[in-house]
Amino acid sequence: MNLVPHTPSPADDDTALTLRCWGTRGSIPSPGPHTARYGGNTTCLEIRHGGQRLIFDAGSGIRLLSREMLSERGGPHRIFLTHFHWDHIQGFPFFAPLFTPEAELEIVAPEQAGVDARTLLAGQLGPIYFPVPFSAIGTRMSFRRPSDEAWQVGDITLRSMRVKHPSHAVGYRVDVGGRAICFIPDDELEGVGYDVGEGWRERLVDFVRGADVLIHDSMYTDAEYPSRTGWGHSTFSESLRLAEEGDVKQLLFFHHDPDRSDEELDEIVSRLRDEGMARGCAVGMEAAAEGLVLRLEAR
Ligand SMILES: [Zn+2]
Ligand SMILES: [Zn+2]
């Protein structure tokens, strides 16, 4: 397995498992000189394998991804939503294939308080919020709820798990040919009072176990967290602890605070690497950057 920053090529679709970050920011887009390197777009991740493209979350980063898709006819396109907070759906109305009549789109998303994904997205495209009505969408859409049971897309195995976050939020795990990527953008590891059931921590560690790449909510520093408990997000150090417990190979800190500068991210990650090296931590770590591509070769 090679885990190196990589320029994508068509050959990637055959045997490699490739991920690309299109948006790494939490809460609200934050463009500007202070975020130029790690990016200001909100959460969107692309995973490709075997001619399949899976899109996770529809934050503002999905807009540029979807422009790249316009030359590809039809689909089926697949979007997996973790939940419906703004930063995870605000790019959806700008997902270009929506208005391509011959396209097919499957949306996988958890219900929110008994309201299904179609109704929630139709509300987002209601006339109060957006000028183009939901009924103008030309693509054929289908919807399904993620389940705790594994399901397949081609030879890709998908799983989901409910995480600690206000509203019903899930994380996803993608397995193919002995390689695995976990995407958990919003999750308050130390949070209390969430409706996640008994033994949640142990189940979460199992969920991420052995992953080649874990992309996890790391919005706050240890110093910031005490004044933000209950807001649904984790610290860098808690994400690292989860990665270590789960024997994850590479951790990508994700869902960067909109006020977090590139320089701060560099400093935080550098310090965590130094501390990790001093105690023999085997987890590779870096802050997810918009445009980052990682390629996991077939074993
Ligand atoms: Zn978020
Ligand atoms: Zn959220």
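This is a predicted model: local features need pLDDT of at least 70, side-chain atom pairs count only at pLDDT 80 or more; totals for chains, interfaces and linings use all residues.
Against which elements do the buried residues of α5 pack?

Figure 1. Residues are numbered from 1 along each chain as its sequence is written, chains are lettered from A and ligands numbered from 1 in the order in which they are written, and side-chain values use heavy atoms, with hydrogens and water left out. The buried residues of helix α5 pack against α4, β11 (213-217), β12 (250-254), α6 (262-278) and β13 (284-287), where contact means heavy atoms within 4.5 Å. Helices (H or I, at least four residues) and strands (E, at least two) are DSSP runs numbered from the N terminus. Within α5, which spans residues 236-245, the buried residues include Phe236, Leu240 and Leu242 as well as Glu238 and Ser239; buried stands for under 20% relative accessible area, exposed for over 50% and partly exposed for values in between (1.4 Å probe, protein chains only). The helix is followed by aspartate 247, whose phi is positive, near 55°.

**Figure 2. The open sheet from β6 to β14.** Seven strands follow one another in the order β6-β5-β4-β3-β2-β1-β14, with mixed pairing, and two strands count as paired if DSSP finds at least two bridges between them. Strands β6 (140-144) and β14 (293-296) form the edges, each pairing on one side only. Neighbouring strands are turned by 20° against each other on average, direction ignored. Strands β4 (residues 77-80) and β5 (residues 104-108) run parallel and are joined by 4 bridges, and histidine 77 stands opposite leucine 105 in β5. Helix α1 (residues 62-69) lies across β1 (17-23), β2 (44-49), β3 (52-56) and β4, and its direction makes an angle of about 160° with β3; axes are lines fitted to C-alpha atoms, for helices over the stretch in contact, and angles run from 0 to 180 degrees between N-to-C directions.

**Figure 3. The open sheet from β7 to β13.** This sheet, too, has 7 strands and mixed pairing, in the order β7-β8-β9-β10-β11-β12-β13. Its edge strands are β7 (151-153) and β13, each of which pairs on one side only, and the twist averages 20° from one strand to the next. Strand β8 (residues 156-162) pairs with β9 in the antiparallel sense over 6 bridges, and leucine 158 has valine 174 in β9 as its bridge partner. Helix α6 lies across β12 and β13 and runs at about 170° to β13.

**Figure 4. Aromatic pairs.** The structure holds 7 aromatic pairs, where rings of Phe, Tyr and Trp (its six-membered ring) pair if their centres lie within 6.5 Å, and planes under 30 degrees apart count as stacked, over 60 as edge-to-face and the rest as tilted. The rings of phenylalanine 80 and tyrosine 172 have centres 5.6 Å apart and planes at 75°, so this pair is edge-to-face. The pair links strand β4 with strand β9 (residues 170-176), its two residues being 92 residues apart. Phenylalanine 80 is buried at a relative accessible area of 0%, and tyrosine 172 likewise counts as buried at 0%. The rings of phenylalanine 94 and phenylalanine 130, with centres 5.5 Å apart and planes at 85°, are also edge-to-face; phenylalanine 94 lies in the loop between α2 (86-89) and β5, and phenylalanine 130 in the loop between α3 (117-124) and β6. Here phenylalanine 94 is partly exposed at 44%, whereas phenylalanine 130 is buried at 13%. Ring pairs also link Phe56, Phe80, Tyr172, Phe183 and Phe254 into a cluster.

Figure 5. The zinc ion (ligand 1) is coordinated by Asp87 (OD), His88 (NE2), Asp186 (OD) and His255 (NE2) at 2.1 to 2.3 Å, while the protein donors of the zinc ion (ligand 2) are His83 (NE2), His85 (ND1), His165 (NE2) and Asp186 (OD), at 2.1 to 2.5 Å. Donors are N, O and S atoms within 2.8 Å of the metal (3.2 Å for Na, K and Ca), and sites may look incomplete because water is not among the atoms. The donor angles span 91 to 168° at the zinc ion (ligand 1) and 87 to 172° at the zinc ion (ligand 2), and each site is irregular. Four donors count as tetrahedral if all angles lie between 85 and 135 degrees; four count as square planar and six as octahedral if opposite donors are over 155 degrees apart and all others between 65 and 115; anything else is irregular. Aspartate 186 bridges the two ions, which lie 3.4 Å apart. Histidine 83 lies in the loop between β4 and α2 and aspartate 186 in the loop between β10 (179-184) and α4 (200-208), so the pair ties together parts that are 103 residues apart in sequence. Both histidine 83 and aspartate 186 are buried, as are aspartate 87 at 6% and histidine 88 at 0%.
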